[in-house]
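Please keep the sequence and the structure in view while reading.

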Amino acid sequence: MVGAACALYAARAGLDVRVVDRGAVAGGTTGAGEGNLLVSDKEPGPELELALLSARLWSELAEELGAAIEYESKGGLVVAAAPDALAALRDFAAGQRSAGVTAVPVGSGELREMEPHLASGMAGGVHYPQDAQVMPALAAAHLLHACGAPVHTGWTVTGVVRAADGAVRGVRTDRGDIHAPAVVNAAGTWGGDLASLAGVRLPVLPRRGFVLVTEPLPRMVRHKVYAADYVADVASDSATLRASPVVEGTAAGPVLIGATRERVGFDRSLSLAAVRALAAGAIGLFPFLERVRALRTYAGFRPYLPDHLPAIGPDPRVPGLFHACGHEGAGIGLAPGTGQSIARALTGKAPELNLTPFRPERFDTDTDTGTGTGTDTDTDTDGGDTP
Amino acid sequence: MTTAERPRLAVVGAGPAGLAGALAAAARGVQVTLVDAADQPGGQFYRQPAPGLGARRPQALHHQWRTFERLRDGLERHRAAGLITHLADHHVWCVEREPGSGALSVHALRGPAQEQGVTVRADAVLLATGGYERVLPFPGWTLPGVVTAGGAQAMLKGGLALPGRTAVVAGTGPLLLPVATGLAAAGVRVAALVESADPAALLPRARALAARPGKLAEGAGYAARLLRYGVRVLPRHTVLEAHGTDRLEAVTLASLGRNGRTRPGSARRIACDTLAVGHGMLPHTDLAGTLGCTLSGTDVRVDDEQRTDVPGVWAAGETTGVGGAALALAEGHIAGRSVAARLGGTAPDPRRWAAAARARARQRAFFAALDAVYAPPAAWADAVPDDTVVCRCEEVTAGAVRTAAGPLGASDPRAVKLLTRAGMGWCQGRVCAPAVAALTGCPLVPERRPFARPVPLGVLAALPEPPPG
């Protein structure tokens, strides 16, 4: 998804673009994503600024491609079961409002007007009308199609071609070299591997998530609904299983319940503990789900960097190398802002956003060597599937 | 040895492989739980009419009925002795292995509504999950009146209902013969048996066939019966289209040239109200895949003892490669003996099952010869028009698959699924996967299906904690 957005904005900035992927379109984490375009889960700071820019760009893209990519500006609804959780949520929302987020407090009584099937007895919530949804695989495919660039699926990058002065001259692939004065690393969870081909360190690591997909239903869930503790899970640095589900209906009918967060390397094997936690959490929000059947579940690997911010922009260590990866669980939502920022950097224009917090070389100064999981060089190429 | 001390084996599936495995293990002191979705043992092969139907001679539709009686009596004996627990109407959706302890949990849904969760714990699992029919799409294949060949046979064996009055049996594979003769014997007029392969091509492979005189006699028996019932056999023919508005009224057939394409001008129309169509079998491998067992093509890979490469997990029957009931019996028997020895802490002596091993080798060679002959025509996917529905659950057409695979860059079946929803519905791609793979130009690779069947979220939420160490 991030690569498709970079390709689109670069092509529209007048550059000659080629896209290389060792798998299929949306074959990696994109294909395992739910398509959450969220501002609601982000605290004020650089990621929220990128999310707000991206939300605006997504709505522009939706005017062009909306139906094909199943864009829905459905809004998010964060609910709190207990009064103290509600107080914390309201404080969090107040901070977001000052950063430009629309966040409307919702009383206990109004919750069921917005979501008629929600569990009774919730203390209250906050409505985020800027939250939206796309079908990520369709979005990636249609953005690539719209940009008109040749897409080489099934080509594996095996090296980065560099000149004597160290500047990038293109990439080497198993199907031949592609020459270009600039290379954008949008390899997602495998972005660290591509960086190391260019001789630089970028400590992208996988954080596994399971998603549950139900049988198709008539529209029972109107917004993206999640419990207030989801935000704490997203921001958490814990390696162990965290599961506060986001529940949402889809254009196609199934309800999606996602997602767990675990740092277990690239292990795709089924964790019944993870799906049990997802199912229990979802039933807690929407009791009718107890009798609804899950048709499938799948895992994906969010690419995260140690400070939970993506790497976006030129790499001063290798002239001509740009990074656009490490968006953790927000890559679909943050893709257009990332793509636009990369296109501006490629064409020498000032970015709309201060990219300093996303500097790819920022980890060179820390002492952590990033070898925590020992699995970050795994060459698993297949993505999950998707809702 | 008391029940509590005996090692525990869970067998998934009560067809020929599962029954043979359960009996062989129970006879050697293993405590067996036989978990099966049907309400009576026997699987698809020994499917019987429901007792309420009062069928007097169920064996009329079965050969090898005596073999089944032997298995059924053995099951009864071991059940009476408390060595086998038969859990009928239990639908397994997942088998889980604790990485630390190696303990296995078989998770099932009980009852016709499949709403109640049941978990069986065991020291070993034998996967005898059988196979299912492959059906390739063609215009009109979703019309009422078009059934799978196996489905028609199951109706005959189980319900004794006549699916229609004039039938055409079509597709490829040895299953078509018993389906055509079974329908004819039940009083259906079988207008034609349409086989896309040329069974004459079996002759150069006569060595494998000569080793199976029983099979040749069986084949000759079918041929004689087809003749007796006046069934026209059309080798190297295929169904181009099924016609009808509300239900099936006729089919158009054509003959196939050497290149696997239909011969121009050879099309003809035959009136019928039933089309039984099948293109061979595929193994059920969902449970094995989730356990992490290595597959070889579409089959679960096993060693000479029928062990998969996951400790504690054995597999037998169609799930390790489609080869019929006799092969399933041999594999199940070997698996049961191996389980008993291994759970008892000893290596088994293969000489003790030499006869079963010989039968296994013969049957595998025979079915390898059949496989080489009975294959869908090479170019069948090119002949599917754009407006033909490929995925029935999500109503995805061949044209939509071609668009995803072409201009949208979905270069493998998974990406096609993401972009079109083909394979995301109730059957989770079990029906359409071969067609989607062929239209994408890729080999058929089994998908990961962590849930072998849909599971209520309430059952997931109430899953027991894994057993301690």
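## Basis and confidence

This is a predicted model, in which local features need pLDDT of at least 70 and side-chain atom pairs count only at pLDDT 80 or more, whereas totals for chains, interfaces and linings use all residues. Residues are numbered from 1 along each chain as its sequence is written, and chains are lettered from A and ligands numbered from 1 in the order in which they are written.

The term pLDDT denotes the predictor's confidence in each residue, from 0 to 100. Chain A has a mean pLDDT of 89, with 91% of its residues at 70 or more. Residues 367-387 of chain A have a pLDDT below 50, and this stretch has 50 contacts in the model beyond near neighbours in sequence. Two residues count as in contact if their C-beta atoms, placed from the backbone, lie within 7 Å. For chain B the average pLDDT is 89, and 90% of the residues score at least 70. The model as a whole scores ipTM 0.88 and pTM 0.89.

## Domains

Domain bounds come from an automatic or database domain assignment. In chain A, this assignment gives domain 1 (2-58 + 136-204 + 306-365) and domain 2 (77-127 + 206-302). Their centres, taken over C-alpha atoms, are separated by 28 Å. Domain 1 of chain A contributes 15 residues to the contact, and domain 2 of chain A contributes 24 residues.

Chain B is assigned domain 1 (8-132 + 282-348), domain 2 (135-279) and domain 3 (384-440).

An unreviewed UniProt entry annotates residues 389-439 of chain B as "domain: BFD-like [2Fe-2S]-binding". UniProt positions are given in the numbering used here, feature names are shortened, and annotations may be inferred rather than shown by experiment. Over residues 389-439 of chain B the chain is 45% helix and 10% strand, with the end C-alpha atoms 12 Å apart. Helices (H or I, at least four residues) and strands (E, at least two) are DSSP runs, numbered from the N terminus.

## The contact between the chains

How many residues does the contact take from chain A and from chain B? It takes 36 residues from chain A and 27 residues from chain B. On the side of chain A that touches chain B, α5 (136-147), β7 (151-153), α8 (272-285) and β16 (293-304) of chain A each supply at least two residues. The largest share, 7 residues, comes from α8(A). By class, this side of chain A divides into 20 nonpolar, 8 polar and 8 charged residues.

## Sheets

Strands of a sheet pair through backbone hydrogen bonds, either parallel or antiparallel. Here, two strands pair if DSSP finds at least two bridges between them. An open sheet of 9 strands, with mixed pairing, has the order β4(A)-β5(A)-β3(A)-β13(A)-β14(A)-β15(A)-β12(A)-β16(A)-β23(B). Its edge strands, each pairing on one side only, are β4 (104-107) of chain A and β23 of chain B.

In chain B, an open sheet of 3 strands has the order β4-β5-β6 with antiparallel pairing. Its edge strands are β4 (90-97) and β6 (116-122) of chain B.

| Strand pair | Bridges |
|---|---|
| β16(A) and β23(B) (residues 455-456) | 2 bridges |
| β14(A) (residues 246-249) and β15(A) (residues 254-258) | 4 bridges |
| β4(B) and β5(B) (residues 104-110) | 7 bridges |

Individual residues mark these pairs: Ala294(A) has Val455(B) in β23(B) as its bridge partner, Val246(A) stands opposite Gly258(A) in β15(A), and Val92(B) stands opposite Ala108(B) in β5(B).

Conventions:
Ala, Val, Leu, Ile, Met, Phe, Trp, Tyr, Cys and Pro count as nonpolar, Asp, Glu, Lys and Arg as charged, and the others, Gly among them, as polar.
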